[in-house]
Amino acid sequence: MKIFSERLKELRVSSCYTQQQIAEKLNIKQQSYSRYEYGNGEPSLETLVKIAKIFDVSSDYLLGITDY
């Protein structure tokens, strides 16, 4: 899920959040969140929805299904 990892990092950086801050919002460890950005892990459906809400984007955008 390369596109997911790229978009996740892009959104986080453009929003001026650290990995730790996002991990806290998701109630997960920073190491778990880091794996998402490096493409070494995938979030649960519940976590994916939370990520989409944090960044105010659709899950389709995060997954690379749409470009908006």
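**Exercises on Salt Bridges and Helix Packing**

At 40% relative accessibility, glutamate 6 counts as partly exposed (buried means under 20% relative accessible area, exposed over 50%, partly exposed in between, with a 1.4 Å probe and protein chains only). The model is predicted, so local features need pLDDT of at least 70 and side-chain atom pairs count only at pLDDT 80 or more, while totals for chains, interfaces and linings use all residues. Residues are numbered from 1 along each chain as its sequence is written, and side-chain values use heavy atoms, with hydrogens and water left out.

**Exercise 1.** Determine which residue forms a salt bridge with glutamate 6, and describe the pair.

*Solution.*
- Step 1: Recall the criterion, a side-chain nitrogen of Lys or Arg within 4 Å of a carboxyl oxygen of Asp or Glu.
- Step 2: The partner of glutamate 6 is lysine 2, and their closest N and O atoms are 3.6 Å apart.
- Step 3: Both belong to helix 1, where they stand four residues apart and are therefore separated by about one helical turn. Helices are DSSP runs (H or I, at least four residues), numbered from the N terminus.
- Step 4: Lysine 2 is exposed, at 63% relative accessibility.

**Exercise 2.** State which side chain meets that of arginine 7 in a salt bridge, and locate both residues.

*Solution.*
- Step 1: The side chain is that of aspartate 67, with an N to O distance of 2.9 Å.
- Step 2: Arginine 7 is in helix 1 and aspartate 67 in the segment after helix 5 (59–63); the pair, 60 residues apart, links distant parts of the chain.
- Step 3: Arginine 7 is buried at 10% relative accessibility, whereas aspartate 67 is exposed at 65%.

**Exercise 3.** Describe how helix 1 (2–14) and helix 3 (residues 30–38) pack.

*Solution.*
- Step 1: The angle is about 120 degrees and the axes are 6 Å apart. Axes are lines fitted to C-alpha atoms, for helices over the stretch in contact, and angles run from 0 to 180 degrees between N-to-C directions.
- Step 2: Helix 1 is therefore oblique to helix 3. Angles under 35 degrees count as roughly parallel, over 145 as roughly antiparallel, 65 to 115 as roughly perpendicular and the rest as oblique.
- Step 3: Residues in the contact (heavy atoms within 4.5 Å) include Arg12 of helix 1 and Glu37 of helix 3.
- Step 4: The side chains of glutamate 37 and arginine 12 also meet in a salt bridge of 2.4 Å, N to O. Glutamate 37 is buried at 9% relative accessibility, and arginine 12 is buried at 10%.

How values were computed. Helices (H or I, at least four residues) and strands (E, at least two) are DSSP runs, numbered from the N terminus.
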